[in-house]
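Please find below a colleague's note on the model under review.

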Amino acid sequence: MIDLRSDTVTKPDEAMREAARDADVGDDVYGEDPTVNELETRVADVLGFDDALLVPSGTMGNQVAVRTHTERGQEAVLERESHVYKWELGGVAQHSGVQTRPVDGDDRGVISAEQVREAYVPADGHRAGTGLLALENTHNSKGGTAIAPEAVDAAAGVARERDVPVHLDGARLFNAAAALDTSAERIAREVDSAMVCLSKGLGAPVGSVLAGSDEFVERARRHRKLMGGGMRQAGILAAPGLRALENRDRLAADHERARRLAAGLDDIPGVAVPEPETNIVVAETADPADEVVDACEREGVGCVAFGDYRVRFCTHWDVDDEDIDAALSAVERAVE
Ligand SMILES: *Cc1c(COP(=O)(O)O)cnc(C)c1O
């Protein structure tokens, strides 16, 4: 099975398993796990924030961020196809009691400064007001689009001028940085908090990190505990996470493979694929997506339906060039 369903399917390599085994650990709820502390400091440094917090999943990172930034009843401005809005079980309502004000980004998921200006609601006697702007980069549902730092700055700037904090869902922020040939720190320069996943393209078995100011992280730590995310000897997870951070250099190879996969798929009759910006390839299919996914699975390729006639394929470090060739032949057989 060539599993292209997601970049979360990667299995930890020997070095990560060894790092987990040998990790120096302590009780992280007491702040005593040296490996977790090292990972949090390291990610804060890489992203250009004061401090950071290890969380079990990207979803928890986003939810803790929303809870920490907002007060109940406030509005969160977010992109209509964003993960926080679409794929987290309505968590912002459940955990934070905020109402959402979804905005339609452009076809790459970019929210403009003008849209933030229009969406903003000041607090008064009748309205709770805007409490958060949430951005996403790369934008998953729009096909892994890598949004330029200037576009992030522009939207964030409008929010911050109005004292509205900005959270960046950077589950694949390092993919964006690699694609744009810039740093994650640069992309996150004008936001107040950023979440990155270690368990996607970087290959760690578990873990995401939420970064922000000292004051933000101190409060976020309480919300993590509230949501049940306080872990004990979590250095076992942080150690492979530290190794995963070193895999940032490898993301460009995933992007190259995604381009090759996309070009090959686009040559197959009944499949149309735009050039991917990162490691996510979204194919428009003539046949219903569910049928294509089933047929691909029978031919030994894993992919997911991403709409009625859209199928998503992800490249990641457990697939090599030969796998891409084999996957292309398999998809061709599947749709013929
Ligand atoms: C995967 C993903 C998340 C959530 O991460 P989990 O670890 O699966 O909870 C959040 N945002 C985006 C954009 C994602 O792609």
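1. Basis. This is a predicted model, in which local features need pLDDT of at least 70 and side-chain atom pairs count only at pLDDT 80 or more, while totals for chains, interfaces and linings use all residues. Residues are numbered from 1 along each chain as its sequence is written, and side-chain values use heavy atoms, with hydrogens and water left out.

2. Domain division. The protein chain comprises domain 1 (2–6 + 250–335) and domain 2 (14–246), with bounds taken from an automatic or database domain assignment. Their C-alpha centres are 28 Å apart. To the contact (heavy atoms within 4.5 Å), domain 1 contributes 13 residues and domain 2 contributes 17 residues.

3. Buried area. Between domain 1 and domain 2 about 1300 Å² is buried, 54% of it from carbon and sulfur atoms; buried area is the accessible area (1.4 Å probe) that two parts lose on being put together, summed over both. On the side of domain 1, the residues that lose the most area to domain 2 are L251, E277 and W317, which together give 42% of what that side buries.

4. Salt bridge. The count between the two domains is 1 salt bridge, defined as a side-chain nitrogen of Lys or Arg within 4 Å of a carboxyl oxygen of Asp or Glu. E277 forms a salt bridge with R108, and their closest N and O atoms are 2.8 Å apart.

5. Elements at the interface. Two or more residues each on the side of domain 1 that touches domain 2 come from α12 (251–266), β10 (280–285) and β13 (310–314). Helices (H or I, at least four residues) and strands (E, at least two) are DSSP runs, numbered from the N terminus. The largest share, 3 residues, belongs to α12.

6. Helix α8. Within α8 (residues 173–180), L173, F174, N175, A176 and A177 are buried, that is, under 20% relative accessible area, whereas exposed means over 50% and partly exposed lies in between (1.4 Å probe, protein chains only). The cover over these buried residues includes α2 (34–47), β6 (166–170) and α12.

7. Backbone. Which residue follows α8? This is D181, with a positive phi near 55 degrees; D181 lies in the loop between α8 and α9 and is exposed, with a relative accessible area of 73%. L89, also not a glycine, has a positive phi of about 60 degrees and an exposed position at 78% relative accessible area. A cis peptide bond, with omega about 0 degrees, joins N137 and T138.
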